[in-house]
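Good morning, and thank you for coming. I would ask you to keep the sequence and the structure in view while I speak.

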Amino acid sequence: AKQTTSSGGGSWLSHKYNQQKKTIFIVEDNLQLVANLKSELEEGYNVYFAVNGKDALKKLKSIPFPDIIISDIMMDEMDGFEFREELIKIKTYDSVPFIFLTAKGRMEERFQGLSRGAVDYITKPFELSELKEKIKNWLILVGLKEIDEDVQLKPNHHKRLDNFMVEYDINLKEKEILTYLLEGCKNIVIAEKMEISSNTVKKHIERIKEKLNVNKKEELVKCLFEYVYK
């Protein structure tokens, strides 16, 4: 394994890069939280940190390509939303799952985050077990997508999706939404394609989750991927 040292924040962020591990990039200005996350995550992952969006954009040029990015929203110099907007301009990172950390009760932040292409959010204060589970689930989902580089529905996939519809009582409108989810589309993109509101898309997804008896969107997508592509 090659030696990779993260700049800034002191030598305590230095570690060896292990090619066998997935890489997590966390953007957070609370150094105590950073220290806790480093302690909890570095055994299973390569973990890199930045203290704000500006610092993150700089470090992305020198660290290994991240498999997942987790960013706080409220930060000095460049906040999480601004960081995400800048990241979108760099097409290389389009496929990297992006999760926002948001303060409890700030629903508008969650909506803004998801509308900017984030796949998920975590509400502060959070349990480390919750964070670990979300990281694991999204990395599994990315792995499923990599099974077929062109994640488009082929004839045999359509047949499996039809079977999925029958088994879970999925209607045609819901099937259309599931098709877009399989292609990696976000809610706001699905809404544009179907010419309906994002809120309507969300309501349909909530009903599908109830039918599958899952609580989270990522669980729904994972279940769908496994059913159709395996």
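This is a predicted model: local features need pLDDT of at least 70, side-chain atom pairs count only at pLDDT 80 or more; totals for chains, interfaces and linings use all residues.

**Helix H9 and its surroundings**

I begin with helix H9, where Val-201, His-204, Ile-205, Ile-208, Lys-209 and Leu-212 are buried. Viewed down the axis of H9, these buried residues fall within an arc of 145°, so they line one face of the helix.

At 1.5 Å a residue, its 15 residues should span 21 Å, and the C-alpha atoms at its ends are 21 Å apart, which agrees.

What packs against H9? Let me take H7 to begin with: the axes of H7 and H9 come within 10 Å and cross at roughly 95°. The two helices are therefore roughly perpendicular to each other. On the H7 side, the contact is made by Lys-173, Glu-174, Ile-177, Leu-178 and Leu-181. On the H9 side, the residues involved are Val-201, His-204, Ile-205, Arg-207, Ile-208 and Lys-211. Val-201, His-204, Ile-205 and Ile-208 belong to this contact and are also buried.

Helix H8, residues 187-194, packs against H9 too, at an angle of about 110° and with the axes 8 Å apart. That makes H8 roughly perpendicular to H9. Here Asn-187, Ile-188, Ile-190 and Ala-191 of H8 meet Ser-198, Val-201, Lys-202 and Ile-205 of H9.

What follows H9 in the chain? The next residue is Asn-213, with a positive phi near 60°, although Asn-213 is not a glycine. Asn-213 lies in the loop between H9 and helix H10, residues 217-229. Its relative accessible area is 69%, and Asn-213 is therefore exposed.

Asp-169 sits in the loop between helix H6 (155-168) and helix H7 (172-182). With a relative accessible area of 59%, Asp-169 is exposed.

**The sheet**

I now turn to the sheet. In what order do the strands of the open sheet lie? There are 5 strands, arranged S4-S3-S5-S6-S7, and their pairing is parallel. Strand S4 (46-50) and S7 stand at the edges with a single partner strand each, so one side of each is left without a neighbour in the sheet. On average, and with direction ignored, neighbouring strands are turned by 20° against each other.

Within this sheet, strand S3 (residues 23-27) and strand S5 (residues 68-72) run parallel and are joined by 4 bridges. For Phe-25, the bridge partner in S5 is Ile-69. Helix H3, residues 80-88, packs on the sheet and touches S3, S5 and strand S6 (98-103). The direction of H3 makes about 165° with that of S6. Helix H1, residues 31-41, lies across S3, S4 and S7, running at about 170° to S4.

Leaving aside neighbours within four places in sequence, Ser-71 is in contact with Val-27, Gly-80, Phe-83, Phe-98, Ile-99, Phe-100 and Leu-101.

**Two loop positions**

Val-51 is in the loop between S4 and helix H2 (53-59). At 34% relative accessibility, Val-51 counts as partly exposed. Val-51 and Ile-26 are 25 residues apart in sequence, and their C-alpha atoms are 8.6 Å apart in space. Beyond its neighbours within four places in sequence, Val-51 is in contact with Glu-28, Asp-29, Leu-31 and Met-75.

The other position is Pro-125, found in the loop between strand S7 (120-124) and helix H5 (128-147). The peptide bond that joins Lys-124 and Pro-125 is cis, with omega at about -10°.

**The chain as a whole**

I close with the overall figures. The secondary structure of the chain comes to 10 helices and 7 strands. Of its 230 residues, 46% count as buried. Among contacts between residues at least 6 apart in sequence, 59% join residues at least 24 apart.

Notes
Residues are numbered from 1 along each chain as its sequence is written. Side-chain values use heavy atoms; hydrogens and water are left out. Buried means under 20% relative accessible area, exposed over 50%, partly exposed in between (1.4 Å probe, protein chains only). The expected span of a helix is 1.5 Å times one less than its number of residues. The arc is that of the directions from the helix axis to the C-beta atoms. Two strands pair if DSSP finds at least two bridges between them. Axes are lines fitted to C-alpha atoms, for helices over the stretch in contact, and angles run from 0 to 180 degrees between N-to-C directions. Contact means heavy atoms within 4.5 Å. Angles under 35 degrees count as roughly parallel, over 145 as roughly antiparallel, 65 to 115 as roughly perpendicular and the rest as oblique.
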